[in-house]
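Trainee: I would like a close look at a single part of this model. Please start with one residue and then show me what lies around it in the chain.

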Amino acid sequence: MTPLVRTKNLKTYFPILQGIIRRPVGYVKAVDDISLDVQHGQWLGLVGESGCGKTTLGKTILRLIEPTSGHIYFDTPSEIFQQIESAENENNQETLETLYDTYDLATFSGGKLKVLRKDMQLVHQDPFSSLNPRMKIKDIVSEPMIVHNSTSGDERLKRAAELMNLVGLSEKNLSRYPHQFSGGQRQRIAIARALATTPKFIVFDEPTSALDVSVQAQILILLKELKQKFNLTYLYITHALTVAESVCDSIAVMYLGKIVEYGDPSVIFKEPMHPYTQALILSTPIPDPQQKRVRLVLPGEVPSPSNPPPGCRFHPRCSRATDVCATTEPPLKQRGQNRKVACWHPLV
């Protein structure tokens, strides 16, 4: 199956600058050599601790952050992937340069990138900070249509009203300002704005973490309805594992800039293979005061992404680590039908 979004060896490093002339003395390796496929119509959950690089990965895929190296492909035909793979195997640089310029988002800029942005949208974590407080809702929702020149003035207002109704808000609210809405309502407005260009792919950066539990449920139901109605593809960034388990088709677990486990939620949450995944799941509270969960306290601290440990990045905190873990980085390998794990000694 040809993916809608594919990243290959994607890296995003941020320079650490020091001195009067601000020379780089090191790099924060927020996203480090990630290859990931997001299939058409998939709801992929990206989970992990704060600071592991989830948001940076999402924004890099959308080209809101410039990648350091690697490749990003969007809605690319399978035969093109075959041509790229063949050219890479033959080290045909001339053919590769042509293919990269045509299909690799990491090389796009200017108008070429702008054309593609209408198919890829982002919903931020904090809806209030992502909405301009000086603009009316009708202008906020209509702005993407103006940027991409997709509709005329009267059609834009009509489309904005349709989008408001679609996310469960009245079109009467179009003349109001963001501060006049609750958090859940503002997030619905942000979703309406994301839908304005009829995208194929939406990145959600913890869209319910700032909302009450009951409002979270309403937003998740809305996202599910919209996904089914418009055949959307989601990358859902969250640290709430229970939410990811309940709504996502697949889960990617991220640690210190790396994907350490990937697969079906029912498989991963039932029998996690990577030691970090197991610790992450055991840290999630059970919504039942009568049940007790075994605690797994990891030793040490999360290493700095500017100076990650050699070999497996989790080995300084892993009880199963051996010499090979400290020297050789484990690849993300297939472990069964519905799972990939980056670990030399999986728990199951």
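Trainee: What is the relative accessible area of Asp75, and is this residue exposed or only partly exposed?

Mentor: The model is predicted, so local features need pLDDT of at least 70 and side-chain atom pairs count only at pLDDT 80 or more, while totals for chains, interfaces and linings use all residues. Residues are numbered from 1 along each chain as its sequence is written, and side-chain values use heavy atoms, without hydrogens and water.

Asp75 has a relative accessible area of 32%, so it counts as partly exposed (buried is under 20%, exposed over 50%, partly exposed in between, with a 1.4 Å probe and protein chains only). Asp75 is not a glycine, yet its phi is positive, about 50 degrees. Most residues other than glycine have a negative phi. Asp75 sits in the loop that joins strand 4 to helix 2 (78–90) (DSSP runs numbered from the N terminus: helices are H or I, at least four residues; strands are E, at least two).

At 59% relative accessibility, Asn231 is classed as exposed.

Strand 4 (69–74) is an edge strand, as is strand 2 (23–38), and each pairs on one side only (pairing takes at least two DSSP bridges). The sheet they belong to is open, has three strands in the order 2-1-4, and is paired antiparallel. Its neighbouring strands are turned by 25 degrees against each other on average, with direction ignored. Strand 1 (residues 5–18) and strand 2 are antiparallel and joined by twelve bridges. Among the residues involved, Leu10 has Ile34 of strand 2 as its bridge partner.

Strand 10 pairs with strand 11 (residues 339–341) in the antiparallel sense, over two bridges, and Gln334 stands opposite Lys340 of strand 11.

The last stop is a group of helices. In helix 7, Arg156, Ala160, Ala161, Leu163 and Met164 are buried. Seen down the axis, these buried residues fall within an arc of 160 degrees, so they line one face of helix 7 (the arc uses directions from the helix axis to the C-beta atoms). On the other side of helix 7, Asp154 and Lys158 are exposed. The cover over the buried residues of helix 7 includes helix 6 and helix 8. Helix 6 (residues 137–147) and helix 8 (residues 183–195) pack at about 30 degrees, with axes 7 Å apart. Ile137, Ile140, Val141 and Pro144 of helix 6 meet Ile189, Ala192 and Arg193 of helix 8 in this contact (heavy atoms within 4.5 Å).

Notes. Axes fitted to C-alpha atoms, helices over the stretch in contact; angles between N-to-C directions.
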